[in-house]
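Please study the sequence and the model before reading each solution.

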Amino acid sequence: MEALRLVLYILHMIAMLAIVVGPVTAGRGHLVQVWGARIQLLLGLGLTGIAEAGDEPVNHAKIGTKLVVMIAVLACAEIGNAKAKRGENGTTLAWAAAGLAVVNAAIAFLW
């Protein structure tokens, strides 16, 4: 079970990298962010399920807070990508998604 948790955690961090680096990449940065956010949400749910199955108690307030922030990250990435497809400026939302992803990581490590 620990090996599965470690693999999911590594993939979760790679997905966060895609969200944070998304605004910097040229061209299809918004699409990279969208897929990174989608994958990170699913992997986070998987990691939560593994934590629930373990013997140690889970901080549900922390998980709930991280879920709300992650939904905001996903919303910013999706809306920014839709704006970019229409030819509008979606870079502000892309940077907001990246900033919120960093906030989510801070919540994970500091709480």
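**Exercise 1.** Determine whether E78 is buried, partly exposed or exposed, and describe its salt bridge.

*Solution.* Step 1: E78 has a relative accessibility of 27%, so it counts as partly exposed (buried means under 20% relative accessible area, exposed over 50%, partly exposed in between, with a 1.4 Å probe and protein chains only). The model is predicted: local features need pLDDT of at least 70, side-chain atom pairs count only at pLDDT 80 or more, and totals for chains, interfaces and linings use all residues. Residues are numbered from 1 along each chain as its sequence is written, and side-chain values use heavy atoms, with hydrogens and water left out.

Step 1: The side chain of E78 meets that of R38 in a salt bridge, 2.8 Å from N to O (a side-chain nitrogen of Lys or Arg within 4 Å of a carboxyl oxygen of Asp or Glu).

Step 2: This pair links distant parts of the chain, since R38 lies in helix α2 and E78 in helix α3, 40 residues apart (helices are DSSP runs of H or I with at least four residues, numbered from the N terminus). R38 is likewise partly exposed, at 30%.

**Exercise 2.** State how many salt bridges there are by this rule, and describe the others.

*Solution.* Step 1: The count comes to three.

Step 1: R5 and E2 form a salt bridge of 2.8 Å, N to O. Both residues lie in helix α1, three residues apart, about one turn of the helix.

Step 2: R86 and E88 meet at 3.2 Å, N to O. R86 is exposed at 56%, whereas E88 is partly exposed at 40%.

**Exercise 3.** Identify the elements that give two or more residues to the largest nonpolar core.

*Solution.* Step 1: This core has 15 residues, and M70 is among those with the most contacts inside it (a nonpolar core is a set of buried Ala, Val, Leu, Ile, Met, Phe, Trp, Tyr and Cys residues joined through side-chain atoms within 4.5 Å).

Step 1: The elements are α1 (2-21), α2 (29-53), α3 (60-85) and α4 (91-110). Helix α3 gives the largest share, six residues.

Step 2: Leaving aside neighbours within four places in sequence, M70 is in contact with I19, A37, Q40, L41 and N104 (contact means heavy atoms within 4.5 Å).
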